Amino acid sequence: MRPFISTVAAAIAAGSLALAASAAPALAHPDMVRAPAGYSPGTIVVKTNERRLYLILDEQHAIRYPVGVGKRGKEWAGETRISGKYRNPAWSPPEDVKRDHPNIPDVIEGGSPRNPMGVAAMTLAGGEYAIHGTNVPKSVGGYVSYGCVRMYNPDITDLFERVSVGTPVVVTHR
């Protein structure tokens, strides 16, 4: 078991807890778009009302990805930074997930088709959330998580390679 599980397990909480991998493979869906105004290059901006994540490249350009975001009662907004990057992370459900799903195992090993983190996770500082892949591709685009930002596995792989620990992240409803 990786050591970060016990200290940041809540940081990688996921929403929908389907326990089987989807039969349909996820496809990468990033688009090159006009950058939202007011953000510095290198910033990740999650617009929860759009269910889109933007990686700001410069004043004019951004890469846009579809995402799943917090369901009703689990939404949040604020500024943070990426605090850690993990490939095939193990997942320990936080207390609120365990309360809602008491039969879920205490740890689901990385790489397991039952692991809701997908192929990679980037934990967010100062909270209980992460930007991560998924084992349920059809959940991307919805209000589905316990507060994490959920991406298609090819998209989290792409974003994972483009950013580093310390990258600023802004989550906004606008």
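These legends describe an overview and close-up views of a predicted model. Local features need pLDDT of at least 70, side-chain atom pairs count only at pLDDT 80 or more, and totals for chains, interfaces and linings use all residues. Numbering starts from 1 along each chain as its sequence is written, and side-chain values use heavy atoms, with hydrogens and water left out.

Figure 1. Helices (H or I, at least four residues) and strands (E, at least two) are DSSP runs, numbered from the N terminus. Their order from the N terminus is α-β-β-β-β-β-β-α-β-β-β-β-α-β. Of the 174 residues, 49% are buried. Buried means under 20% relative accessible area, exposed over 50%, and partly exposed in between (1.4 Å probe, protein chains only). Among contacts with a separation of 6 or more, 69% link residues 24 or more positions apart; a contact means heavy atoms within 4.5 Å. The accessible surface is about 8200 Å², and carbon and sulfur atoms hold 50% of that. Areas come from the Shrake-Rupley method with a 1.4 Å probe; for residues, only the protein chains shown count as cover.

**Figure 2. Nine strands form an open, mixed sheet.** The order is β1-β4-β3-β2-β11-β6-β7-β8-β10. Two strands pair if DSSP finds at least two bridges between them. Strand β1 runs antiparallel to β4 (residues 61-66), joined by four bridges. Here Met32 faces Ile63 of β4.

**Figure 3. Strand β2 (residues 44-47) has buried side chains pointing both ways.** Ile44 and Val46 point one way; Val45 and Lys47 point the other. Strand β3 (residues 52-56) runs antiparallel to β2, with four bridges. Ile44 sits opposite Leu55 in β3. The two strands make a hairpin with four residues between them. In that turn, Arg51 has a positive phi of about 55°. Strand β11 (residues 168-172) also pairs with β2, in the parallel sense, over four bridges. Val45 is opposite Val170 in β11.

**Figure 4. His132 and Cys148 carry the UniProt feature "active site" (unreviewed entry).** UniProt positions follow the numbering used here, feature names are shortened, and annotations may be inferred rather than shown by experiment. The two positions span 17 residues in sequence, yet no two of their C-alpha atoms are more than 7.5 Å apart, so they gather at one spot. His132 belongs to strand β8 (residues 130-132). His132 counts as buried because its relative accessibility is 0%. Cys148 lies in the loop between β9 (143-145) and β10. Cys148 is also buried, at 1% relative accessibility.
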